[in-house]
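Have the sequence and the model side by side for this report.

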Amino acid sequence: RGRAKDMGFLNFCAGLVVAVVTAGVQSFGVVLQRRSHYDNRFLPADQRIPELRSVTWITGVIAFLLSQIVGSVIALALLPALVLAPLGSFTVVFNAFFAAILVDEPLNNVQRLGSLLVTAGSAVFAFVGYAPDPELGLSEILVYATHARFVLWIG
């Protein structure tokens with residue numbers, strides 16, 4: 001039973017890593033696509049490269065798609081949706097970071113602070129939201145469902 005709890009926590013940690021890494025890869029892919037459009041915009045019309053022939057754009061699409069497929073399948077298998085959903089906010093942070101580097105978009109102090117707060121909030125929510133699934137039978141669930149506090153809360 002102790003080993004099962006350890007495996008549950010290890011799966012949880014692995015799910016966190018997968019979710020954050022795939023959020024970064026997804027953002028990188030989107031910003032690469034933007035970079036391709038950005039570079040193309042300044043070329044004369046006869047020298048512009050169609051997206052389907054742009055290595056930068058194709059790399060961005062592949063990164064985005066792989067992050068969606070891998071992230072969705074693995075992270076959802078390892079994490080409860082309640083924990084996974086707030087981790088999606090990391091894509092905003094990664095988008096700002098990669099856009100500042102690859103597309104020279106300015107990142108001011110307020111945006112940096114906001115990114116830090118989003119990161120901290122998501123991390124707190126992920127760790128506070130982790131709880132091994134209780135093993136409750138129907139009779140126990142019915143007892144909890146008719147408890148005065150629950151009835152009052154559900155309103």
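Which residues do ring pairs link into a cluster? They are F28, F90, F94, F97 and F98.

## Basis of the model

This is a predicted model, so local features need pLDDT of at least 70, side-chain atom pairs count only at pLDDT 80 or more, and totals for chains, interfaces and linings use all residues. Residues are numbered from 1 along each chain as its sequence is written, and side-chain values use heavy atoms, with hydrogens and water left out.

## Aromatic pairs

The structure holds six aromatic pairs. Rings of Phe, Tyr and Trp (its six-membered ring) pair if their centres lie within 6.5 Å; planes under 30 degrees apart are stacked, over 60 edge-to-face, and the rest tilted. Y38 and F42 form an edge-to-face pair, because their planes stand at 80°. Their ring centres are 5.3 Å apart. F150 and W153 make a tilted pair, with 6.0 Å from centre to centre and 40° between the planes.

How open are these rings? Buried means under 20% relative accessible area, exposed over 50%, and partly exposed in between (1.4 Å probe, protein chains only). Y38 is partly exposed at 27%, and F42 is exposed at 57%. F150 is partly exposed at 35%, and W153 is exposed at 67%. F150 and W153 both sit in helix α7 (residues 148–154). They are three residues apart, about one turn of the helix. Helices here are DSSP runs (H or I, at least four residues), as strands are (E, at least two), numbered from the N terminus.

## The largest nonpolar core

A nonpolar core is a set of buried Ala, Val, Leu, Ile, Met, Phe, Trp, Tyr and Cys residues joined through side-chain atoms within 4.5 Å. The largest one has 12 residues: F12, L16, V18, A19, A23, A75, L79, V83, L84, L87, F90 and A126. α1 and α3 each supply at least two residues of this core. α1 gives the most, with five. In soluble globular proteins, nonpolar side chains tend to be buried together.

A23 belongs to this core. What does A23 touch, leaving out residues up to four places away in sequence? Its contacts (heavy atoms within 4.5 Å) are F90, T91 and F94. F90 is itself a core residue, and F90 and F94 are both in the ring cluster.

## The second largest pocket

The second largest pocket has a volume of about 210 Å³. Of its 14 lining residues, the closest to the centre are A19, T22, Q26, G71 and L84. A pocket is an open set of points on a 1 Å grid over the protein atoms alone, where a 1.4 Å probe fits, with protein on both sides within 12 Å along at least five of seven lines; lining residues have an atom within 4 Å of a point. Points are joined across faces, edges and corners, and the volume is the space filled by probe spheres set on them.

Three helices each supply at least two lining residues: α1 (2–41), α2 (55–78) and α3 (81–87). α2 gives the most, with six. The lining divides into six nonpolar, eight polar and no charged residues. Here Ala, Val, Leu, Ile, Met, Phe, Trp, Tyr, Cys and Pro count as nonpolar, Asp, Glu, Lys and Arg as charged, and the others, Gly among them, as polar. A19 and L84 also belong to the largest nonpolar core.

## Loop residues

D104 lies in the loop between α4 (90–102) and α5. Its phi is near 55°, a positive value in a residue other than glycine. Most residues other than glycine have a negative phi. D104 is exposed, at 57%.

G137 is in the loop between α5 (109–128) and α6 (138–145). It is partly exposed, at 31%. G137 and P50 are 87 residues apart in sequence and 59 Å apart in space, C-alpha to C-alpha.

## Two helix residues

Is S115 buried or exposed? S115 is buried, at 17% relative accessibility. This residue is in helix α5.

V17 is in helix α1. V17 is exposed, at 52%. V17 and F98 are 81 residues apart along the chain, and their C-alpha atoms are separated by 19 Å.
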